[in-house]
Amino acid sequence: MSAELIVSHLRKQFAVGRPAVDDVSFRVAAGEIVVLLGPSGCGKTTTLRCIAGLEQPTAGTISIGGDEVAAPERGVHVPPRLRNIGMVFQSYAVWPHMTVRQNVNYPLRHRKVPRDEAERKVDRVLELVGLSEYAERPVTQLSGGQMQRVALARALVYEPRILLLDEPLSNLDAKLRLRLRDELRRIIKEAKVTALYVTHDQAEAVVLGDRIGVMENGKLMQMSAPVELYNKPENLFVANFTGVSNLIKGEISAPGAVRLSTGETLRITAPRGKTGDAVLVAIRPENIQLRPNGEGADTNSFPARVIEGHFHGTQTTYALETLGHRIEAIELGTVPRFSAHDTIRVVIPPDHSWVFPQ
Ligand SMILES: Nc1ncnc2c1ncn2[C@@H]1O[C@H](COP(=O)(O)OP(=O)(O)O)[C@@H](O)[C@H]1O
Ligand SMILES: [Mg+2]
């Protein structure tokens, strides 16, 4: 039932502008959830629409479960209805004049599935999305979150080979969004369907994805498991997009060492580049350790002055002056340890700092 998706050198050029999708290649294994993450306009929806068949690619190939569904250079374009794909969009695409059950049953009626089999399938999928008790309600009486569950049930009921979701939580208010987000992964995994999920929201991507592909300007910048994406960003865009806020200029002075313009040397476990390269050292605020002055002398321990601290209840964000830069650091805990003007020490972790070309 669930199928592998292979997208190879996909390109989509609209009549004007640069390519919306520019040489994108990736694979989603059967039963895997892959998230395409990126800012608005980076080409996520266009990629999804090409896979669904709603858009004709300019170049490249798409195959689902070993069947080629798009290969423009060879004139292959399988129409959407023959691709056996389930889709869920940002807007609740439900039929307002129908009940929940009628909505979910619709694709089965359309496919002429026998009545009792259809009923069993509808019951099963309503149970899966947590709507069993609402089966006979008109959809107009449901909350946004419940309508999105109806849309999801309707996309899953005919057991598509692939489920495509385009920012399905964007229209929900914060509380419903978090609830459905946390449940979506369970639902998709229980349905055992291959899923490609598009969002601009990092938190959604991390919670939902087995792997995340970060897109920018039509290009796929990196596709990795969430932990790898956050700990081994392959380029500055991915680092920035996943929350790296500190960039320090320097030059690679020896393997594993970056000399800063202020004269200090940072040890970096796995620096890219060669001696003499001008680089940016990228450091996540969460990975910087703070110490009271005089405590310890670890690798990469430097004096710092607290410019300001902002208490957020369960964490404190600090602006620090160190290494000739203004650096942001975050410390967990309900008791802020430092105040403005304090002189402290910072430790820049050698194995959680990354080097990119300037
Ligand atoms: N039908 C279209 N005609 C022309 N340009 C389009 C069309 N659809 C999307 N684009 C352009 O393609 C780029 C990618 O859009 P889109 O795939 O919707 O991005 P995202 O979903 O990541 O926000 C944007 O620059 C957008 O303006
Ligand atoms: Mg979009």
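A residue counts as near a molecule or strand if its C-beta atom, placed from the backbone, lies within 6 Å of it. Keep in mind that this is a predicted model, where local features need pLDDT of at least 70, side-chain atom pairs count only at pLDDT 80 or more, and totals for chains, interfaces and linings use all residues. Residues are numbered from 1 along each chain as its sequence is written, while chains are lettered from A and ligands numbered from 1 in the order in which they are written.

Start with ligand 1. Around it you'll find Phe14, Gly17, Ala20, Gly38, Ser40, Gly41, Cys42, Gly43, Lys44, Thr45 and Thr46. That shell splits into 3 nonpolar, 7 polar and 1 charged, with Ala, Val, Leu, Ile, Met, Phe, Trp, Tyr, Cys and Pro counted as nonpolar, Asp, Glu, Lys and Arg as charged, and the others, Gly among them, as polar.

Click Leu36: opposite stands Gly213 in E10.

Now show the whole open sheet: 6 strands in the order E7-E8-E9-E3-E10-E11, with mixed pairing. Two strands pair if DSSP finds at least two bridges between them. Its edge strands are E7 (85-88) and E11 (219-224).

Last stop: another open sheet, with 5 strands in the order E16-E20-E17-E18-E19 and antiparallel pairing. E16 (289-292) and E19 (325-332) are the edge strands. E16 pairs with E20, residues 343-347, over 4 bridges; there, Leu290 has Val346 as its bridge partner.

Technical notes. Helix = DSSP H or I, 4+ residues; strand = E, 2+ residues; numbered from the N terminus.
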